[in-house]
Structures are given as structure tokens and as C-alpha cells.
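Q: I have a model open and would like to go through it with you. Could we start with the terms and then move to the fold?

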Amino acid sequence: MRPPCRVHITGPGGSGVTSLGRALAQHWAVPCHDTDDYFWQPTTPACQLKCDAAARLALMRQMFLPGPARALSGALETWSAEVEPYFDLVILLRLDPALRMKSLRTREVARYGAAALAPGGAMHAASREFMDWAALYDLPDTGRRSRARHLEWTAGLKCPVMELDSSAPVVALQQAVVG
């Protein structure tokens with residue numbers, strides 16, 4: 001892939017989408033964006049209130065589209081039509097479900113602390129709901145973000161699509177992209 005470019009990295013939560021996006025952005029010295037920053041309104045805790053589609057696309061037009069090179073991590077397949085023509089490459093990560101769920105659990109503990117996630121803790125219910133949602137990714141299409149939905153979406157893209165197994169170290173994934 002000719003560096004730098006506009007690259008979108010997607011895949012299931014816990015597969016290293018954000019880590020690879022940051023690594024590519026750092027390698028190319030370009031901005032790194034995350035779809036959560038467009039999809040969700042800023043709240044504490046995060047990811048509580050969605051932005052409406054018009055607002056998130058307006059923000060993407062302002063922040064992501066103007067530059068010739070950007071890394072965008074996250075998922076946007078259900079609201080991507082306007083920005084898809086700007087992608088030079090889409091990377092779809094995959095990871096064994098058990099490893100992915102372990103990674104997500106580790107991330108949840110790092111973010112909120114084990115006490116907050118324990119039964120009765122401030123984040124227990126929200127974390128359990130998130131983990132249950134994330135576990136559905138590898139099942140046949142459930143009407144939510146899923147591997148089946150990602151494969152269907154990437155099959156319709158006009159730009160190149162690269163699928164990578166993210167059990168490899170981030171530096172190896174970066175090298176697979178930049179050559």
C-alpha cells in the first residue's frame with residue numbers, strides 16, 4: 001500500500017483495531033481517528049449516548065475527510081456510505097473468539113477496575129451487557145455488528161480490503177500493511 005493513505009481498520013472489539021490504527025498513524029505520522037469519537041457523544045462513562053447520523057457525518061466531513069492521509073479505527077459499516085469513497089484501504093482484523101474475549105475483559109478491568117466490574121460494582125451491569133454483546137460477533141448474523149456483516153460490507157467496497165489475523169504482534173500487522 002502506498003504510504004501514507006486513508007486507511008480504515010475494523011473488526012470485532014478486542015481484536016486490536018485501535019492498536020493497529022495508532023501504529024499505522026504513528027508510522028506514517030498522520031492523524032488517527034476512532035469511529036467511537038464520531039458515533040458516541042462524550043459521556044462518563046463512555047458510550048452511553050449516540051450521536052445522530054447527520055451530526056456524526058458532519059463531524060467526519062470536518063475532521064477526517066479533509067486530509068489526504070488518515071487512520072480510522074472502529075466500525076462504521078452501517079453508516080459509512082458517504083465516507084467509503086475516500087478509503088484507500090480497509091483492513092478487517094480477525095481473532096480467535098476466546099482470545100478476543102480475554103482481551104476485552106483485560107481492557108474492561110484496566111478501564112474500570114476489578115471492584116467496579118464485580119457483582120454490585122458501579123460498572124458490573126454495563127460491562128456484563130457489553131461483554132454479552134461482544135460475544136455475539138462470531139455467531140451467524142444477529143442483526144448487530146458481526147463477522148458476517150463485516151464480510152458482507154467489505155465485499156461491496158471499491159477499495160482494496162486486507163484481512164489480517166490479529167494474533168500476530170502489532171508490529172507484524174503494521175509491516176503487512178506498509179510492506
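Predicted model: local features only at pLDDT ≥ 70, side-chain atom pairs only at ≥ 80, totals over all residues.

Q: Which residues is Ser-166 in contact with, leaving aside its neighbours within four places in sequence?
A: Ser-166 is in contact with Ser-15, Leu-93, Arg-94, Leu-95 and Leu-173, once neighbours within four places in sequence are left aside.

Q: And where is Ser-166 found?
A: Ser-166 is found in the loop between E5 and H8.

Q: Does Ser-166 count as buried or exposed, and why?
A: Ser-166 counts as buried because its relative accessibility is 11%, and buried means under 20%.

Q: Let us turn to the sheet. In what order do the strands come?
A: The order is E2-E3-E1-E4-E5, in an open sheet of five strands with parallel pairing. Strand E2 (32-34) and strand E5 (161-165) are the edge strands, each of which pairs on one side only. From one strand to the next, the twist averages 20 degrees.

Q: How many bridges does E1 have with E3, and how many with E4?
A: E1 is joined to E3 by four bridges, and E1 pairs with E4 over four bridges. Within these pairs, His-8 stands opposite Leu-72 in E3, while Val-7 stands opposite Leu-89 in E4.

Q: What about E2 and strand E3, over how many bridges do they pair?
A: E2 pairs with strand E3 (residues 70-73) over three bridges, in the parallel sense. Asp-34 stands opposite Ser-73 in E3.

Q: Back to E1: why is E1 described as largely enclosed?
A: Five of the five residues of E1 are buried, so the strand is largely enclosed by the rest of the structure.

Q: Which way do the residues of E1 point?
A: Arg-6, His-8 and Thr-10 point one way, and Val-7 and Ile-9 point the other way. In a regular strand, side chains alternate between the two faces of the sheet.

Q: Which helices lie across E4 and E5?
A: Helix H7 (residues 147-155) lies across strand E1 (6-10), strand E4 (89-94) and E5, at about 160 degrees to E4. Helix H8 (residues 170-178) lies across E4 and E5, and runs at about 160 degrees to E5.

Q: What is Ile-91 in contact with, leaving aside sequence neighbours within four places?
A: The contacts of Ile-91 include Val-7, Ile-9, Leu-20, Leu-24, Met-162, Leu-164 and Val-177.

Q: Where is the place of His-27, and what does His-27 touch?
A: His-27 has its place in helix H1. Not counting residues up to four places away in sequence, His-27 touches Gln-174 and Val-178. His-27 is partly exposed, with a relative accessible area of 44%.

Q: One last topic: what volume does the largest cavity have, and which residues line it?
A: The volume of the largest cavity is about 40 Å³, and the structure holds one cavity of 30 Å³ or more. The largest cavity is lined by Pro-12, Gly-13, Arg-100, Trp-133, Ala-134, Tyr-137 and Arg-145.

Key: Residues numbered from 1 in each chain as written. Heavy atoms only, no water. Pairing = 2+ DSSP bridges. Helix = DSSP H or I, 4+ residues; strand = E, 2+ residues; numbered from the N terminus. Axes fitted to C-alpha atoms, helices over the stretch in contact; angles between N-to-C directions. Contact = heavy atoms within 4.5 Å. 1 Å grid on protein atoms, 1.4 Å probe; cavity = no way out; pocket = protein on both sides within 12 Å on 5 of 7 lines; lining within 4 Å. Points joined across faces, edges and corners; volume = space filled by probe spheres on them. Buried < 20%, exposed > 50% of the residue type's maximum accessible area, 1.4 Å probe, protein only.
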